[in-house]
Amino acid sequence: MNTELEFYQLTSAGDREINQDCMAHRVCADYAVFVVADGLGGHHAGEKASQFFCRGLIQLAQQFQSAIQSQPQRATNEWILASIGIMRELFADDPAADDAHTTCAILYLDDERVVTAHCGDSRIYRLNAQQLVWRTKDHSATQQLLDDGKLSEWEMGIHPEQNKLTRSINLSTSPLVDVQVFPAMQNGETFILCSDGFWESVKEQELLQLSQPHSGKEELKKMAKMAILRAQGRSDNCTVQWVRRC
């Protein structure tokens, strides 16, 4: 797996003082995992939530890898629950824990399957050179408006309720995470994981630029910079991971 994957990642605070996004990855001989998390909460609570969750997820990846082979959905849910347990340990007696929330977008790859898990409005896109195959569905007020035919895809990113989430990872409630299993990643396919600071200012057709055979690090940088500039001084934290099977 590690010899077949090419990947790049970047993060920026955008126009915010603090970057509450976090990203992490682990690429091994027989599997790979990528995660983007967007923290929410004041006084650095969101920053800690995203960092602690990602740290726990990557720390426990090897422990759950075998179980994912046989029961991917169940094992992934247990992996996430255990990661929240580490998140709780890292917060310890920190009073910020009560106000700490994070989204997550998790991509697990091996030679047999693709597993995605997400909560909130951080996204995963699956693309080939011809089309956007699918994206994860946000847990947000604007996703519901899109589903009801009241918004277009582009209007989601500029709607005043764009940041109103219906789910998040936190320490006070049981996680409601969508876990899905798909066929294995094919040669030439591209996955994009990102926080809302990236996708809200990028049109879906523009994402196809990142799935072309020649695309890579420079194209990713240009698109992230474009997303921040389009926000006209109001950019959220912007984080994106680009993964391709060669």
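The largest cavity has a volume of about 30 Å³. A cavity is here a set of points on a 1 Å grid over the protein atoms alone where a 1.4 Å probe fits but cannot get out. Grid points are joined across faces, edges and corners, and a volume is the space filled by probe spheres set on the points. The structure is a predicted model, in which local features need pLDDT of at least 70 and side-chain atom pairs count only at pLDDT 80 or more, while totals for chains, interfaces and linings use all residues. Residues are numbered from 1 along each chain as its sequence is written, and side-chain values use heavy atoms, without hydrogens and water.

By this rule there is one cavity of 30 Å³ or more. Its lining consists of Thr76, Trp79, Ile106, Leu107, Tyr108, Val115, Thr116 and Ala117; lining residues have an atom within 4 Å of a point. At least two of the lining residues come from each of α3 (72-91), β5 (104-109) and β6 (113-119). Helices (H or I, at least four residues) and strands (E, at least two) are DSSP runs, numbered from the N terminus. Six lining residues are nonpolar, two are polar and none is charged. In this classification Ala, Val, Leu, Ile, Met, Phe, Trp, Tyr, Cys and Pro are nonpolar, Asp, Glu, Lys and Arg are charged, and the others, Gly among them, are polar.

The largest pocket has a volume of about 600 Å³. A pocket is an open set of points with protein on both sides within 12 Å along at least five of seven lines. Of its 26 lining residues, Arg16, Gln162, Asp196, Glu200 and Asp236 are the closest to the centre. Strand β3 (residues 32-40) gives the largest share of the lining, three residues. The lining of the largest pocket has seven nonpolar, 10 polar and nine charged residues.

Helix α8 (residues 217-230) has 14 residues and spans 20 Å from first to last C-alpha, close to the expected 20 Å. The expected span is 1.5 Å times one less than the number of residues. Leu220, Met223, Ala224, Ala227 and Ile228 are the buried residues of α8 (buried, under 20% relative accessible area; exposed, over 50%; partly exposed, in between; 1.4 Å probe, protein chains only). They lie on the same side of α8, because they cover an arc of only 140 degrees around the axis. The arc is that of the directions from the helix axis to the C-beta atoms. Lys222, Lys225 and Leu229 are exposed on the face turned away from the buried side. The cover over the buried residues includes β1 (5-12), α6 (196-199), α7 (204-207) and β12 (238-245).

Leucine 220 of α8 has 1% relative accessibility. Not counting residues up to four places away in sequence, leucine 220 touches Tyr8, Gln9, Leu10, Leu210, Val240 and Trp242 (contact, heavy atoms within 4.5 Å). Just after α8, glutamine 232 takes a positive phi of about 55 degrees. Serine 235 sits in the loop between α8 and β12. Serine 235 is buried, at 1% relative accessible area. Beyond its neighbours within four places in sequence, serine 235 contacts Ala13, Gly14, Asp15, Arg16 and Ile228.

In helix α2 (residues 61-70), the buried residues include Ala61, Phe64, Gln65 and Ile68. Their arc of only 130 degrees around the axis puts them on the same side of α2. Gln63, Ser66 and Ser70 are exposed on the other side of α2. The buried residues of α2 pack against β2 (21-27), β3, α1 (45-59), α3, β5 and β6.
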